[in-house]
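Q: Could we go through this model together? I would like to begin with the packing and then turn to the cross-links and strands.

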Amino acid sequence: MIAATIGLAGCATHPVDAYTKLAHLDQGTLLASGHLPPAIAGVDPAILPSSVRMLVSYEGIDYWAGATADNEICFIAEGAETVASCADADHFGRYGSTLEIAETGQRVWLHTEYMTVGPSWTAISPSVAIRG
């Protein structure tokens with residue numbers, strides 16, 4: 001019984017599926033020790049700081065990705081306003097994640113290396129495309 005409890009506790013702090021999906025993104029810039037990810041109102045506060053990376057800065061907006069303890073991938077845009085979208089690892093692995101950026105009127109797509117960026121999208125980094 002103790003082994004089962006320890007195993008379950010380990011799952012909560014090591015979201016293996018989310019980390020696996022993050023491995024298929026551009027590595028970006030990992031947060032330095034002691035720094036915190038962007039503050040995101042209404043988003044799961046369990047984003048693991050050790051997983052957060054800045055993927056690209058484009059037109060005054062920083063795009064981040066990170067994993068939560070609940071095995072989700074969060075895509076974060078930090079500009080005049082910070083917006084985010086979190087999806088479970090399986091959904092993210094199939095579709096990626098998109099954000100609507102109100103200040104630019106653009107849609108931004110976080111995708112893995114094995115997803116195809118269509119002609120209506122413009123790649124702004126190896127893992128981020130934009131349109132609109």
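This is a predicted model: local features need pLDDT of at least 70, side-chain atom pairs count only at pLDDT 80 or more; totals for chains, interfaces and linings use all residues.

Q: Which residues touch the most other members in the largest nonpolar core?
A: They are Tyr 63, Phe 75, Ile 101, Val 108, Leu 110 and Val 128, in a core of 20 residues. A nonpolar core here is a set of buried Ala, Val, Leu, Ile, Met, Phe, Trp, Tyr and Cys residues joined through side-chain atoms within 4.5 Å. Buried means under 20% relative accessible area, exposed over 50%, and partly exposed in between (1.4 Å probe, protein chains only).

Q: Which strand gives the most to this core?
A: Strand 3 does, with four residues. Helices (H or I, at least four residues) and strands (E, at least two) are DSSP runs, numbered from the N terminus.

Q: What does Phe 75 touch?
A: Leaving aside residues up to four places away in sequence, the contacts of Phe 75 include Tyr 63, Trp 64, Val 108, Leu 110 and Val 128. Contact means heavy atoms within 4.5 Å.

Q: Changing topic, which cysteines form a disulfide?
A: Cys 74 and Cys 86 do, with their sulfur atoms 1.9 Å apart; the criterion is a pair of cysteine sulfur atoms within 2.5 Å. Cys 74 lies in strand 4 and Cys 86 in strand 5 (residues 82-88), twelve residues apart.

Q: Why is the disulfide right-handed?
A: The torsion about the S-S bond of Cys 74 and Cys 86 is about 105°, so the disulfide is right-handed.

Q: Is Cys 74 buried or exposed?
A: Cys 74 is buried, at a relative accessible area of 0%, whereas Cys 86 is partly exposed at 27%.

Q: And which side chains meet in a salt bridge?
A: Those of Glu 100 and Arg 107, at 2.0 Å, N to O. The structure holds one salt bridge, defined as a side-chain nitrogen of Lys or Arg within 4 Å of a carboxyl oxygen of Asp or Glu. Glu 100 is partly exposed at 49% relative accessible area, and Arg 107 is partly exposed at 29%.

Q: Finally, how many bridges join strand 7 to strand 9?
A: Four, and the two strands run antiparallel; strands pair if DSSP finds at least two bridges between them. Val 108 stands opposite Ile 130 in strand 9.

Methods: Residues are numbered from 1 along each chain as its sequence is written. Side-chain values use heavy atoms; hydrogens and water are left out.
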